[in-house]
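User: Could you help me learn to read a new structure, one feature at a time? I would like to start with how open a side chain is to its surroundings.

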Amino acid sequence: MGCLRHPNLPQDAHGATKKVIYRILFHLLWVVLVIAALVCLRVYAKFRSKVYLDDKGKRRKTFAFFHPYCNAGGGGERVLWVAVRSVQK
């Protein structure tokens, strides 16, 4: 039993049509894979992020301080704690 072919198309047109369909399917597969990879990266990033919640389950704001050489004994600790205290008020 042979392949079903349209009677009005020449023999070469069937092969060209298959190539076009395969090329479209190949590009569609790449698009689906890229979208799936982006979704996976987003889920991974959300899973790895640290979210702090308060008692009601709402997101709590988190602050971070970067103060280089604050442990050098030159008074940097005091500057750091004054900054922390001012944010807490």
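User: Is Trp30 buried, exposed or partly exposed, and what tells us so?

Analyst: Buried means under 20% relative accessible area and exposed means over 50%, with partly exposed in between. In this predicted model, Trp30 has a relative accessibility of 48%, so Trp30 counts as partly exposed. Phe26 also has a relative accessible area of 48% and is partly exposed.

User: How many aromatic pairs does the structure hold?

Analyst: The structure holds one aromatic pair. Phe26 and Trp30 form this pair, with 6.2 Å centre to centre and 80° between the planes. Planes over 60 degrees apart count as edge-to-face, and that is how this pair is classed.

User: Is Val84 buried or exposed?

Analyst: Val84 has 16% relative accessibility, so Val84 counts as buried. From C-alpha to C-alpha, Val84 and Ala64 are 9.4 Å apart in space, and they are 20 residues apart in sequence.

User: What share of the chain counts as buried?

Analyst: The chain has 89 residues, and 4% of them count as buried. The chain exposes about 9,000 Å², with 65% of that area supplied by carbon and sulfur atoms.

Conventions: Residues numbered from 1 in each chain as written. Predicted model: local features only at pLDDT ≥ 70, side-chain atom pairs only at ≥ 80, totals over all residues. Heavy atoms only, no water. Phe/Tyr/Trp six-rings, centres within 6.5 Å; stacked < 30°, edge-to-face > 60°. Buried < 20%, exposed > 50% of the residue type's maximum accessible area, 1.4 Å probe, protein only. Areas by Shrake-Rupley, 256 points an atom, 1.4 Å probe, with all protein chains shown as cover.
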